[in-house]
Amino acid sequence: MILPITKVSFFLLFCLIGIVSAQLSSTFYAKTCPTALSTIRTEVISAVSKEARMGASLLRLHFHDCFGCDASVLLDDTSSFTGEKTAGPNANSLRGFDVIDTIKSKLESSCPGVVSCADILTVAARDSVVALGGPSWTVPLGRRDSTTASLSSANSDLPGPGSDLSNLISAFSNKGFSTKEMVALSGSHTIGQARCTFFRSRIYNENNIDSAFAKSLQANCPTSGGDNNLSPLDTTTPNTFDNAYYRNLQNKKGLFHSDQVLFNGGSTDSIVNGYSSNPLSFRADFANAMVKMGNLSPLTGSSGQIRTNCRKTN
């Protein structure tokens, strides 16, 4: 569902529902490219060590790709092809493409034509979470890359930062996620940043917000201007993947409206309370939900291709 998130991070949290293919396997590259996972991990650790925000950017890039987890989000526009980079949730917002390019280049040198861009994104998201102190999980591998993209789907399918709880529950349910999984994935907002334009209304107009918190944000997010000014989604531990996000919600310090609705006298209050008091429960549930998300609608077998350059089809 955060993240160096410079735009709406709930755009991050969805994939179209599909059937997990038996062809996905955690050992998919064991013989064909045994250094694949270590190469990805090394480059992610390097990138995050240079800029902690990059960890959230790579996690968000994976979220936004999971309209099929097929690397369609990486395709550049051409004179005859319109990709997803200019979609509302993505334009001037998604980042980390250069890190993916670096990983792909190294893997093409050692194992040409073997490791897909879709798998690189999925593994990089996991490694980013780990690099910032979060949980690890086993990533099933074997996805292939799309030869197409859908600008319209990228524009239409995802709820924004002004979403109410009922909208979030319904939207996630439509994609195959339970309400508890939605709340767990929302915990990705424990890292990343958001633009002023997407939380301005909350900090000036809403009542379920800590007054001192709102005032501190207003200093960097005026009533007009400063649209691109950034604020951490989790002001407590902005560069650590932990459960502070849920404690922030309990204290009325959710940055987005769609964050605070998770703890506002509704049906998800108890889930937030649980994750706030039990960080191990959050870590386990987040990891399981990430595996589920990464397994939705992958291209496998002879479908799609293994791109040589993640930005364009072969």
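This report covers the disulfides and the nonpolar cores of a predicted model.

Local features need pLDDT of at least 70, side-chain atom pairs count only at pLDDT 80 or more, and totals for chains, interfaces and linings use all residues. Residues are numbered from 1 along each chain as its sequence is written, and side-chain values use heavy atoms, without hydrogens and water.

**Disulfides**

The count comes to three disulfides (cysteine sulfur atoms within 2.5 Å).

| Pair | S to S | S-S torsion | Hand |
|---|---|---|---|
| Cys 33 and Cys 111 | 2.1 Å | about 75 degrees | right-handed |
| Cys 117 and Cys 310 | 2.1 Å | about -95 degrees | left-handed |
| Cys 196 and Cys 221 | 1.9 Å | 75 degrees | right-handed |

Cys 196 is buried, and so is Cys 221 (buried: under 20% relative accessible area, 1.4 Å probe, protein chains only; exposed: over 50%; partly exposed: in between). Cys 33 and Cys 111 are both buried too. Cys 117 counts as buried at 0% relative accessibility. Cys 310 counts as buried at 1%.

**Cores**

The largest nonpolar core holds 65 residues. A nonpolar core joins buried Ala, Val, Leu, Ile, Met, Phe, Trp, Tyr and Cys residues through side-chain atoms within 4.5 Å. Leu 74, Ile 100, Leu 262 and Met 290 have the most contacts inside this core. Helix H4 (residues 117-131) supplies its largest share, eight residues; helices are DSSP runs (H or I, at least four residues), numbered from the N terminus. A second, separate core has twelve residues, including Cys 196 and Leu 217.

Not counting residues up to four places away in sequence, Ile 100 touches Cys 310, among others (contact: heavy atoms within 4.5 Å).

Key:
Helices (H or I, at least four residues) and strands (E, at least two) are DSSP runs, numbered from the N terminus.
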